[in-house]
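Subject: Structure handover

Hello,

Here is the structure you asked for. My notes on what turned up follow below.

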Amino acid sequence: MSAIPVRQQNHRKNRARRIAIGAAVVVAVAGFNGPALYRFSSQQYHEYKINRPDYKAANGHWDFLDVPAEFRINSIHASLLHTGKVLLIAGSGNNQKNFDAGKFESVLWDPVDDSYKMIPTPKDMFCSGHTQLPDGNLLVAGGTKRYEKLKGDITKAGGLMVVHNEDPDKPITLPAGTVFTGKENNKTFVSKDPILVEKAKKIFDPDTGAFLRTEAGLGRIYVEARQSGTKYETGAEDNYRVHGMKGSDARNVYGIAQKLALDKKDFQGIKEAYEFDPVAEKYISVDPMNEARWYPTLTTLKDGKVLAMSGLDEIGQIVPGKDEIYDPKTRSWEYTGIIRKFPTYPAVFLLDSGKLFYSGSNAGYGPADVGRTPGVWDLETNKFDKIPGLSDSDKMETSATVMLPPAQDQKFMVIGGGGVGESEKSSEKSRLVDLKDPDPRFKDGPTLDKGTRYPSASLLPDDSVLVTGGSEDYRGRGGSNVLQARTYDPVSGTYTRVADPAVGRNYHSGSVLLPDGRVMIFGSDSLYADKANTKPGVFEQRIEIYTPPYLYRDSRPELTGGPKEIERGATGVFKTKDPAGIKTAKLMRPSAVTHVTDVEQRTIALDFEKTADGIEVTVPKNSALVPAGWYMLFVTDGKGTPSEAVWVDVQ
């Protein structure tokens, strides 16, 4: 009888050892009676169960990234770059000590070799907006000028001063420290920043050319009382003279302010904008926005330009609908000339018609009764067609919205959400809308197990959607984080529970699909660290990676070669070992996510022909369906198993 090879003997021994360990764990679980021992053994069994090959094949698996200590940051934003690397942006990371010290951070992570690199970060990009540009750069705009102050922390009365300039011949610059004194209340306030007030405009009759009136130039500035105390508060509107003005300037330049008090002061935004170059791996300064923005959304338009919306301005008030457009060719900004008000971080998506869809999802800040109704927006005419039927419409803050695959169907899903502000309310709803319907209307889809604020949602290359994380209460209060994950199948319209993550995720969290088909989830900023709400929370710096079930199959398709660039409407030939086994091909736009808001995500189904040793894919012509830029090209086999992505530049 021939001897059994050593490798086979070892294999049998290891298999027997695993079976024995598994049996011992089960016996231990059954036998322990004490609560502590039972908890310990339950945890052992859980670890054993979730690491079994059959469990992973059915549910996937979560792992922690082993991030070196020097690269652990409070990641607020994440974007996948066409180099395959992920840019994690903290800025000051919701840490005022970092802000006061000018410590602003970004880290570049390479999933291929698991390497990290600190990126010099010129401004506080905490709570900025970002989007992918046609040339592969990442546009980052806005951020933090000043941290909020809660009512109990404020000692000096302050607020908004609107400076008027009635001189039609020249603008006026007022330095920081400019003093304003009320004509009626005789109280004095000091500006915190410099301000440029444009010259007044002369208004003429369009028919006769006759002069009608002068319209004052306006500037907005935050002012504060010189001294502390409630006696320096004001309760009504007043006109304010500007100290140091003489002659005609003293008559033409003045301030008007409403109530200046010890109320809470919100975060304040910045105008600065940058492009991140993935090849040079550095930020490049571009022209600043016309409006300061904190919590803005940036949405790519069909011509490759970028629309910036909403945000808190330089005095902490929501930008009053002054949307503006960035031109990547000139690297400059221009007002749209129309007014459309949204809460901060509105979920606004580009449709295949070139119009925009606002789902109603947002991250907070803004009046409860302004700009919260979902609809389709024609940017050229400013016409806004409301879409009815949205359930839990009063619980849309901190909800997530995805354009379901394929993008050609123009179907969207809105997931979870909560009440306005620091509300305890949360929704378990998943709402669906088909914008190809001539009379679109929201309808309810499957529900989550719990009301969920801050759910993360990532499109997967098998055309399902991974929904994970979130919390039942505002910022995870009361230990309300939802340690669940599920996938949504757009064809069957159902959720399937998969492996649970190990870490709770709420405020300041997000997820990103990686080119190898895994998903990275990052961040979380709990208000409290305990269920009793007594211990301050600590920012979650650990990063988890979810490996979906499709990566535990015996094999996956391979895609190689092919052109690096494909024009819209053109074709590209790629090699694969088993062309007959390929069932789908698709382009997936890389994520740029923050506050569970990711309007970049989309999956575009591709027509393709099989060749002797590969496939020939055709890219749709529509620039509103396929905005210019870099995409991940995936193919899947009959089981839905995806290949690793091949990067393609579509122009």
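**Nonpolar cores**

The largest nonpolar core has 51 residues, and the members that touch the most others are Ala78, Val86, Trp109, Met413, Val465, Met520 and Met632. A nonpolar core here is a set of buried Ala, Val, Leu, Ile, Met, Phe, Trp, Tyr and Cys residues joined through side-chain atoms within 4.5 Å. Buried means under 20% relative accessible area, exposed means over 50%, and partly exposed is in between (1.4 Å probe, protein chains only). Strand 39 (residues 519-523) gives the most to this core, with 4 residues. Strands (E, at least two residues) and helices (H or I, at least four) are DSSP runs, numbered from the N terminus.

A second, separate core holds 35 residues, including Val376, Met396, Val433 and Ile582. In soluble globular proteins, nonpolar side chains tend to be buried together.

Met632 has contacts (heavy atoms within 4.5 Å) beyond its neighbours within four places in sequence. Among them are Leu80, Leu513, Leu514, Pro515, Lys586, Trp647 and Val646.

**Before you go on**

This is a predicted model: local features need pLDDT of at least 70, side-chain atom pairs count only at pLDDT 80 or more, and totals for chains, interfaces and linings use all residues. Residues are numbered from 1 along each chain as its sequence is written, and side-chain values use heavy atoms, with hydrogens and water left out.

Strand 20 (residues 273-277) is largely enclosed by the rest of the structure, because 5 of its 5 residues are buried. Ala273, Glu275 and Asp277 are buried on one side, Tyr274 and Phe276 on the other. In a regular strand the side chains alternate between the two faces of the sheet.

Strand 20 pairs with strand 7 (residues 138-141) in the antiparallel sense, over 4 bridges. Pairing requires at least two DSSP bridges between the strands. Ala141 stands opposite Ala273. Strand 20 also pairs with strand 21 (residues 282-286), again antiparallel, over 5 bridges. There, Tyr274 has Ser285 as its bridge partner. The hairpin of strands 20 and 21 has 4 residues between the strands, and Glu281 takes a positive phi near 55°.

**The barrel**

Six strands form a closed barrel in the order 9-16-12-11-17-18, with antiparallel pairing. Neighbouring strands of this sheet are turned by 40° against each other on average, direction ignored. Those angles use axes fitted as lines to C-alpha atoms, for helices over the stretch in contact, and run from 0 to 180 degrees between N-to-C directions. Thr181 stands opposite Arg241.

**Salt bridges**

How many salt bridges does a search of the whole structure find? The count is 30. The criterion is a side-chain nitrogen of Lys or Arg within 4 Å of a carboxyl oxygen of Asp or Glu.

- Lys170 and Asp249: the closest N and O atoms are 3.3 Å apart. Lys170 lies in the loop between strands 9 and 10 and Asp249 in helix 5 (residues 247-252), so the pair ties together parts 79 residues apart in sequence. Lys170 is partly exposed at 34%, whereas Asp249 is buried at 17%.
- Lys192 and Glu224: 3.6 Å, N to O. Lys192 is partly exposed at 37%, and Glu224 is buried at 13%.
- Lys577 and Glu558: 3.6 Å, N to O. Lys577 is exposed at 73%, while Glu558 is partly exposed at 42%.
- Asp449, Arg486, Arg497 and Asp500: linked in a network of salt bridges.

Best wishes
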